Amino acid sequence: MNLSSQKPFSDSLKNQDDGDVYISEILASIRRHPFVFGAITLTSVILSAFHASTQTPVWEGYFQIVLGGSDRTGNKLAQSFASMSGAIPMGGAGGGGFGEPSVDIKTEVTVLQSPSVLNSVFLKWKELKIDKGDNVDNVKFGSWAGGVNIRTTKGSRVLRIAYRDTNKDFVLPIVKQITVAYQDYSDLQRKDNLDNGLQYTKEQLDIFREVAANSNSVRDRYQLRYGIKSDNSESSGPAIDFNRVFSGVDDSDLVGGLVNSSGSGTYNRNENSISQLASINKELRRRREIFTEEDPSIKALLRVRKSLRKYIEASANGFMAEPDMNAGDDKALDIMLRYQELNRKAKRDYFTLSRLEDNLLRLQLEKARTPNPWRLVSYPELLDAPVSPNKRQIVMFGWLIGLVLGTGSAFAIDKQSGLIFAKRVLEEVVPYPLLASIPAKKPENWSIPIGLMSEGPLGGKVNGSVGLVPIGNLPKDQLDEFTKQLTTSLGSRDLVVSRDPRETRKCSSQILIISLGTSKSDDLKKTFQDLALQGAPVSGWVMLDPGPKGLF
């Protein structure tokens with residue numbers, strides 16, 4: 001026999017250990033060890049049911065809220081300040097300050113789960129536990145906060161906030177406390193924005209009160225100095241009777257009559273006198289375009305104007321300086337333009353001051369108001385049934401664990417025994433050709449394959465003997481029946497049956513007979529090594545296949 005043509009048995013065993021495990025082989029292991037599989041599975045189910053029955057029920061309460069977008073109060077403040085002349089919103093033109101948008105929803109959820117928001121709720125929970133007589137000295141915020149779950153709804157700003165506790169009476173009060181904590185947190189942001197706005201508005205008011213007062217003072221001084229009539233005022237004094245001026249009436253009488261006919265207050269007299277002075281200047285300019293300076297009417301107007309100025313100077317305590325009214329038209333135009341500029345600035349500063357005062361009042365009212373920072377989608381509720389333990393789920397999980405452990409145990413028993421139960425494995429490890437696979441439980445079907453073997457692989461020498469080498473713990477009745485039928489088929493040729501290869505070495509040919517589930521790897525290894533050392537030819541081997549019923 002050429003040993004080099006045989007594949008090494010050690011490689012075959014290695015392939016057996018590293019080979020794939022088929023589902024059919026696992027099921028076969030279960031059927032070979034049904035009591036082990038069933039006992040482990042049943043035990044797992046019983047233990048899981050016991051575990052489920054001893055678990056403390058966990059109750060859940062929840063509510064839903066809708067988070068708002070950007071801070072509307074801050075945005076309104078920024079828009080108000082931006083509309084004012086000379087007022088710049090906090091944060092500059094690029095935004096920021098109390099007018100910038102709020103953070104994204106993920107950041108909001110993280111903040112809502114932080115101790116800064118939930119610590120008050122945690123303290124409330126500890127009070128309830130202490131009132132019940134429980135010791136909470138070793139309870140940390142992190143372990144308690146694990147019962148608070150915040151879940152977002154995809155594509156929306158709706159948050160579902162849930163709280164779980166083993167004490168049913170604690171759940172709803174704690175959930176309500178959480179709503180209060182979240183409301184306080186949301187309102188805190190609003191208050192911060194309002195405080196920033198109030199502080200900024202007050203600072204601007206202090207600035208613009210001084211600015212508006214200075215601009216009004218500068219305008220009034222300029223107006224009094226040059227006797228300019230205000231463009232938004234109406235003279236309440238009498239109109240000047242120029243006929244009396246030109247008819248030689250005493251100038252002091254005319255001025256006295258004009259003054260006495262005005263209001264009783266000094267300020268009103270001055271205001272009417274300034275209006276009258278403006279009328280005289282206007283008439284004087286008109287007449288100078290027609291007459292010369294020597295004209296009696298112009299001289300009369302100059303006398304009246306001089307007298308009126310003296311009166312204004314006296315009534316204003318000397319505040320009004322003597323203007324140069326003999327200047328040219330360009331000088332007069334510059335004076336009026338300068339006055340208009342001062343008047344516009346004074347009005348603008350006054351308007352800004354008024355807006356700031358209005359904003360201050362609005363912010364104070366807004367701070368006094370108690371808004372709802374977010375809207376509840378659902379009010380705090382307690383679920384009717386505990387969320388855990390789910391007894392059915394626990395038992396099902398225990399059953400699955402039992403199946404896995406039972407299957408693994410049955411398969412491990414087969415592996416530990418060292419017996420080969422799979423036909424494919426046996427075909428891989430035996431280094432000789434398979435002559436026939438015959439059903440072990442149907443000896444009536446053996447005659448044809450045995451006859452073919454006798455005439456084929458075993459029919460080389462007519463008078464040569466044949467050696468039969470059983471391997472493993474074959475059933476005696478099956479071995480005896482196979483020996484009987486093979487002897488009959490060989491006729492006059494001798495059949496030597498022995499497990500010792502030394503007794504079959506003189507035979508002209510040898511065959512091996514192996515049955516599934518009765519041969520160990522070690523037995524096969526020893527027999528194949530002995531046959532290799534023996535050097536006698538081996539025609540092949542016969543497999544006794546017990547079939548499913550025979551194996552299980």
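**Reading a helix pair in a predicted model**

Tutor: The crossing of helices α16 and α17 is right-handed. Please keep in mind that this is a predicted model.

Student: How many helices and strands are there in the protein chain?

Tutor: The protein chain holds 20 helices and nine strands. Of its 552 residues, 40% are buried.

Student: How does one describe two packed helices?

Tutor: Two packed helices are described by the angle between their axes and by the distance between those axes. In this structure, α16 covers residues 447-455 and α17 covers residues 476-490. Their axes lie 9 Å apart, and the packing angle is about 45 degrees.

Student: Which word describes how α16 and α17 lie to each other?

Tutor: Angles under 35 degrees count as roughly parallel, and those from 65 to 115 as roughly perpendicular. The angle here is about 45 degrees, and α16 and α17 are therefore oblique to each other.

Student: Which residues make the contact between α16 and α17?

Tutor: Helix α16 contributes S447, I450, G451, M453 and S454, while α17 contributes F482, Q485, L486, S489 and L490. By class, five of these residues are nonpolar, five are polar and none is charged.

Student: Let us turn to a loop. Where is S114 placed, and is S114 buried or exposed?

Tutor: S114 sits in the loop between α5 (105-112) and α6 (115-132). Buried means under 20% relative accessible area; S114 has a relative accessibility of 17% and therefore counts as buried.

Conventions:
Residues numbered from 1 in each chain as written. Predicted model: local features only at pLDDT ≥ 70, side-chain atom pairs only at ≥ 80, totals over all residues. Heavy atoms only, no water. Helix = DSSP H or I, 4+ residues; strand = E, 2+ residues; numbered from the N terminus. Buried < 20%, exposed > 50% of the residue type's maximum accessible area, 1.4 Å probe, protein only. Axes fitted to C-alpha atoms, helices over the stretch in contact; angles between N-to-C directions. Parallel < 35°, antiparallel > 145°, perpendicular 65-115°, else oblique. Left-handed = near helix turned anticlockwise from the far one by under 90°. Contact = heavy atoms within 4.5 Å. Nonpolar A, V, L, I, M, F, W, Y, C, P; charged D, E, K, R; others polar.
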